[in-house]
Amino acid sequence: MTDDEKPNNLEAIYPVGEKNPDSVRTRNGRPLRELTLDNLLAGQVTASDFGITADGLRLQADIAERAGRPNLSQNLRRGAELVEIPDNVLLAVYELLRPGRAQSADDLRAAANQLRDTYGAKETASLLEEAALVYERRGIFQRRF
(Lines give C-alpha, C1' and ligand atoms only; values in the text may rest on other atoms or scores of the structure.)
Protein backbone atom coordinates (compact mmCIF):
# COMPACT_ATOMS: atom_id res chain seq x y z
CA MET A 1 0.00 0.00 0.00
CA THR A 2 1.56 3.29 -1.06
CA ASP A 3 1.24 6.49 0.96
CA ASP A 4 -1.28 7.77 -1.59
CA GLU A 5 -3.47 4.68 -1.06
CA LYS A 6 -3.47 4.96 2.75
CA PRO A 7 -6.58 6.53 4.22
CA ASN A 8 -5.97 9.46 6.55
CA ASN A 9 -8.27 8.07 9.22
CA LEU A 10 -6.83 5.06 11.07
CA GLU A 11 -10.34 4.04 12.10
CA ALA A 12 -11.02 3.33 8.43
CA ILE A 13 -8.41 0.55 8.35
CA TYR A 14 -7.93 -0.65 11.94
CA PRO A 15 -8.54 -3.32 13.07
CA VAL A 16 -7.60 -4.69 9.67
CA GLY A 17 -9.27 -8.08 10.21
CA GLU A 18 -12.62 -6.33 10.67
CA LYS A 19 -12.29 -3.36 8.32
CA ASN A 20 -10.45 -4.99 5.41
CA PRO A 21 -10.33 -8.76 6.00
CA ASP A 22 -9.60 -9.54 2.34
CA SER A 23 -6.19 -7.90 2.73
CA VAL A 24 -5.23 -10.42 5.44
CA ARG A 25 -3.73 -13.60 4.00
CA THR A 26 -2.02 -16.61 5.50
CA ARG A 27 1.46 -17.80 4.56
CA ASN A 28 -0.25 -20.15 2.12
CA GLY A 29 -2.23 -17.29 0.57
CA ARG A 30 -5.58 -18.17 2.13
CA PRO A 31 -7.89 -15.27 2.99
CA LEU A 32 -8.79 -14.66 6.62
CA ARG A 33 -12.39 -15.79 6.09
CA GLU A 34 -11.17 -19.36 5.42
CA LEU A 35 -9.61 -19.69 8.88
CA THR A 36 -12.55 -21.39 10.51
CA LEU A 37 -12.86 -24.30 12.90
CA ASP A 38 -14.87 -26.21 10.29
CA ASN A 39 -12.09 -25.82 7.71
CA LEU A 40 -9.49 -26.84 10.28
CA LEU A 41 -11.44 -29.96 11.25
CA ALA A 42 -11.95 -30.79 7.57
CA GLY A 43 -8.20 -30.52 6.96
CA GLN A 44 -8.64 -27.64 4.51
CA VAL A 45 -6.41 -25.38 6.61
CA THR A 46 -3.42 -26.36 8.74
CA ALA A 47 -1.66 -24.96 11.77
CA SER A 48 0.78 -23.15 9.48
CA ASP A 49 -2.13 -21.11 8.11
CA PHE A 50 -2.55 -19.52 11.53
CA GLY A 51 0.97 -18.09 11.83
CA ILE A 52 1.77 -14.42 11.42
CA THR A 53 3.09 -13.23 8.07
CA ALA A 54 5.73 -10.65 7.26
CA ASP A 55 3.13 -8.71 5.27
CA GLY A 56 0.77 -8.69 8.26
CA LEU A 57 3.49 -7.39 10.55
CA ARG A 58 4.53 -4.70 8.05
CA LEU A 59 0.90 -3.58 7.79
CA GLN A 60 0.68 -3.38 11.59
CA ALA A 61 3.97 -1.43 11.58
CA ASP A 62 2.50 1.09 9.13
CA ILE A 63 -0.54 1.50 11.34
CA ALA A 64 1.59 1.93 14.47
CA GLU A 65 3.76 4.52 12.74
CA ARG A 66 0.74 6.49 11.56
CA ALA A 67 -0.68 6.30 15.09
CA GLY A 68 2.45 8.00 16.42
CA ARG A 69 4.09 4.88 17.86
CA PRO A 70 7.49 4.77 16.11
CA ASN A 71 9.13 2.33 18.54
CA LEU A 72 6.32 -0.18 18.17
CA SER A 73 6.48 0.29 14.42
CA GLN A 74 10.21 -0.43 14.38
CA ASN A 75 9.74 -3.57 16.51
CA LEU A 76 7.02 -4.83 14.17
CA ARG A 77 9.27 -4.24 11.15
CA ARG A 78 12.03 -6.25 12.80
CA GLY A 79 9.46 -8.94 13.56
CA ALA A 80 8.52 -9.01 9.87
CA GLU A 81 12.16 -9.66 9.04
CA LEU A 82 12.32 -12.55 11.49
CA VAL A 83 9.30 -14.46 10.17
CA GLU A 84 11.24 -16.25 7.44
CA ILE A 85 14.44 -16.89 9.40
CA PRO A 86 14.81 -20.51 10.56
CA ASP A 87 14.21 -21.13 14.26
CA ASN A 88 17.71 -22.52 14.84
CA VAL A 89 19.26 -19.28 13.54
CA LEU A 90 16.95 -17.16 15.70
CA LEU A 91 17.77 -19.23 18.78
CA ALA A 92 21.51 -18.89 18.12
CA VAL A 93 21.16 -15.10 17.86
CA TYR A 94 19.03 -15.03 21.01
CA GLU A 95 21.70 -16.99 22.84
CA LEU A 96 24.37 -14.50 21.72
CA LEU A 97 22.29 -11.60 23.04
CA ARG A 98 22.07 -13.06 26.52
CA PRO A 99 24.61 -11.26 28.73
CA GLY A 100 27.92 -13.06 28.94
CA ARG A 101 27.19 -15.53 26.12
CA ALA A 102 28.95 -13.85 23.19
CA GLN A 103 32.72 -13.76 23.65
CA SER A 104 33.18 -10.46 21.82
CA ALA A 105 31.48 -7.75 19.83
CA ASP A 106 32.74 -9.55 16.74
CA ASP A 107 30.40 -12.47 17.52
CA LEU A 108 27.41 -10.13 17.47
CA ARG A 109 28.67 -8.38 14.35
CA ALA A 110 29.10 -11.73 12.58
CA ALA A 111 25.52 -12.65 13.49
CA ALA A 112 24.37 -9.24 12.22
CA ASN A 113 26.16 -9.82 8.91
CA GLN A 114 24.55 -13.25 8.57
CA LEU A 115 21.07 -11.85 9.18
CA ARG A 116 21.65 -9.00 6.73
CA ASP A 117 23.41 -10.97 3.98
CA THR A 118 21.56 -14.29 4.14
CA TYR A 119 18.07 -13.20 5.17
CA GLY A 120 17.87 -9.51 4.26
CA ALA A 121 17.14 -8.60 7.89
CA LYS A 122 18.67 -5.12 7.82
CA GLU A 123 16.79 -3.65 10.80
CA THR A 124 17.55 -6.62 13.03
CA ALA A 125 21.19 -6.59 11.94
CA SER A 126 21.41 -2.93 12.94
CA LEU A 127 19.98 -3.81 16.35
CA LEU A 128 22.67 -6.47 16.83
CA GLU A 129 25.38 -4.01 15.85
CA GLU A 130 24.00 -1.54 18.37
CA ALA A 131 23.97 -4.29 21.00
CA ALA A 132 27.62 -5.05 20.22
CA LEU A 133 28.56 -1.44 20.98
CA VAL A 134 26.52 -1.32 24.19
CA TYR A 135 27.79 -4.70 25.41
CA GLU A 136 31.35 -3.60 24.71
CA ARG A 137 30.88 -0.33 26.60
CA ARG A 138 29.28 -2.10 29.57
CA GLY A 139 31.81 -4.95 29.67
CA ILE A 140 29.15 -7.60 29.25
CA PHE A 141 31.51 -9.82 27.24
CA GLN A 142 33.79 -10.26 30.25
CA ARG A 143 31.24 -11.71 32.66
CA ARG A 144 28.72 -14.51 32.51
CA PHE A 145 25.52 -14.65 34.50
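Helices here are DSSP runs of H or I of at least four residues, numbered from the N terminus. The structure is a predicted model, in which local features need pLDDT of at least 70 and side-chain atom pairs count only at pLDDT 80 or more, whereas totals for chains, interfaces and linings use all residues. Residues are numbered from 1 along each chain as its sequence is written, and side-chain values use heavy atoms, with hydrogens and water left out.

H3 comprises 13 residues and spans 18 Å from its first C-alpha to its last, close to the 18 Å expected at 1.5 Å a residue (1.5 Å times one less than the number of residues). Ala-54, Leu-57, Leu-59, Ala-61, Ile-63 and Ala-64 of H3 are buried, that is, under 20% relative accessible area with a 1.4 Å probe and protein chains only, exposed being over 50% and partly exposed in between. The cover of these buried residues includes helix H1 (16-19) and helix H4 (70-82), with contact meaning heavy atoms within 4.5 Å.

Asp-49 is located in the loop between H2 and H3 (54-66) and is buried, at 2% relative accessibility. Its side chain forms a polar contact with the side chain of Thr-26 (3.2 Å); such a contact is a pair of N or O atoms within 3.5 Å, one able to donate a hydrogen and the other to accept it, and residues adjacent in sequence count only if both atoms are side-chain atoms. A polar atom of the Asp-49 side chain also lies 2.9 Å from the backbone nitrogen of Thr-46.

How values were computed:
Helix = DSSP H or I, 4+ residues; strand = E, 2+ residues; numbered from the N terminus.
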